[in-house]
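I opened my notebook today to look up a few helices, pockets and residues.

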Amino acid sequence: MGALDVSKGTVKSIYALGAKLGMVERGGGHADALHALVQGLTGKESITALTPAEAQAVLAELRRRSAPAAAPQKKRARKYEALPGGLSEGQQKKVWYLMYQLEKYDPAPEGVQLRDRLCGLISRQFGVTAFPTQPFRFLTFSQGNALIEGLKKLTERKELEYLHSDRYRQDMGVAGNAQ
């Protein structure tokens, strides 16, 4: 071996990474994906003919390809703070679920956020001031139950109104024509 030849350890590393990536075909000679990569990067067909710098470039590319892709971040579950004597975590989850259901059937006017809408419902139903950052702060556990029941009825009524509306027929007509 000359001074510019690649070491046996480096050749083994290239083959090992190539095999890990499924680029090596046994008995395929130089017609596998690993040799195609080497030829594309260096212009040489043989891995043993690479210079140390070319071998390092091939190794770097193989490592880049074998690095795990960044896993998509999971959506974190919301944390609901249960206040003593106030709404429980489960009640808060149920209220927000019903609010999103209500939003499907009766969208808020443009510029009105769901939190603001919830605060208005709480103020109207209980006469208590509710703040968008902590809408449940001044409600008791039993008021939370009453809020949930009220939202269930309101959502049900808005769903029925939606199902009998022109908007529903238009949405179904558009969906029906697309099929």
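**Helix α4.** I began by checking the length of helix α4. At 1.5 Å a residue, its 17 residues should span 24 Å, and its end C-alpha atoms are 25 Å apart, which agrees. The expected span is 1.5 Å times one less than the number of residues. Helices here are DSSP runs (H or I, at least four residues), while strands are E runs of at least two, and the numbering goes from the N terminus.

**Ground rules.** I noted that this is a predicted model, where local features need pLDDT of at least 70 and side-chain atom pairs count only at pLDDT 80 or more, while totals for chains, interfaces and linings use all residues. Residues are numbered from 1 along each chain as its sequence is written, and side-chain values use heavy atoms, with hydrogens and water left out.

**Q91.** Which residues of α4 are buried? I listed Q91, Q92, V95, W96, L98, M99, Q101, L102 and Y105. Buried means under 20% relative accessible area, exposed means over 50%, and partly exposed is in between (1.4 Å probe, protein chains only). I then picked Q91, which sits in α4, residues 89-105. Q91 counts as buried because its relative accessibility is 5%. A polar atom of the Q91 side chain lies 2.8 Å from the backbone nitrogen of S88. Leaving aside neighbours within four places in sequence, Q91 is in contact (heavy atoms within 4.5 Å) with G86, F141, G144, N145 and I148.

**Largest pocket.** Next I looked for open space. A 1 Å grid is laid over the protein atoms alone; a pocket is an open set of points with protein on both sides within 12 Å along at least five of seven lines, a cavity is a set where a 1.4 Å probe fits but cannot get out, and lining residues have an atom within 4 Å of a point. Points are joined across faces, edges and corners, and the volume is the space filled by probe spheres set on them. The largest pocket holds about 390 Å³. Its lining has 17 residues, with Q92, T133, Q134, P135 and F136 nearest the centre. I found that α4 gives the largest share of this lining, three residues. I counted eight nonpolar, four polar and five charged residues in the lining. Here Ala, Val, Leu, Ile, Met, Phe, Trp, Tyr, Cys and Pro are nonpolar, Asp, Glu, Lys and Arg are charged, and the others, Gly among them, are polar.

Which helix gives the most to its lining? I saw that α6 does, with six residues. Among the lining residues are L102, D106 and K158. I followed K158, which lies in α6 and is buried, with a relative accessible area of 18%. Not counting residues up to four places away in sequence, K158 touches L102, Y105 and D106.

**V58.** Is V58 buried or exposed? I put V58 down as buried because its relative accessibility is 0%. V58 belongs to helix α3. Its C-alpha atom is 7.4 Å from that of I14, although they are 44 residues apart along the chain. Beyond four places in sequence, V58 touches I14, V38, L41, T42 and L50.

**S46.** I finished in the loop between α2 (33-42) and α3 (52-66), where S46 is found. S46 is partly exposed, at 23% relative accessible area. The side chains of S46 and T48 are joined by a polar contact of 2.9 Å. Such a contact is a pair of N or O atoms within 3.5 Å; within protein, one must be able to donate a hydrogen and the other to accept it, and residues adjacent in sequence count only if both atoms are side-chain atoms.
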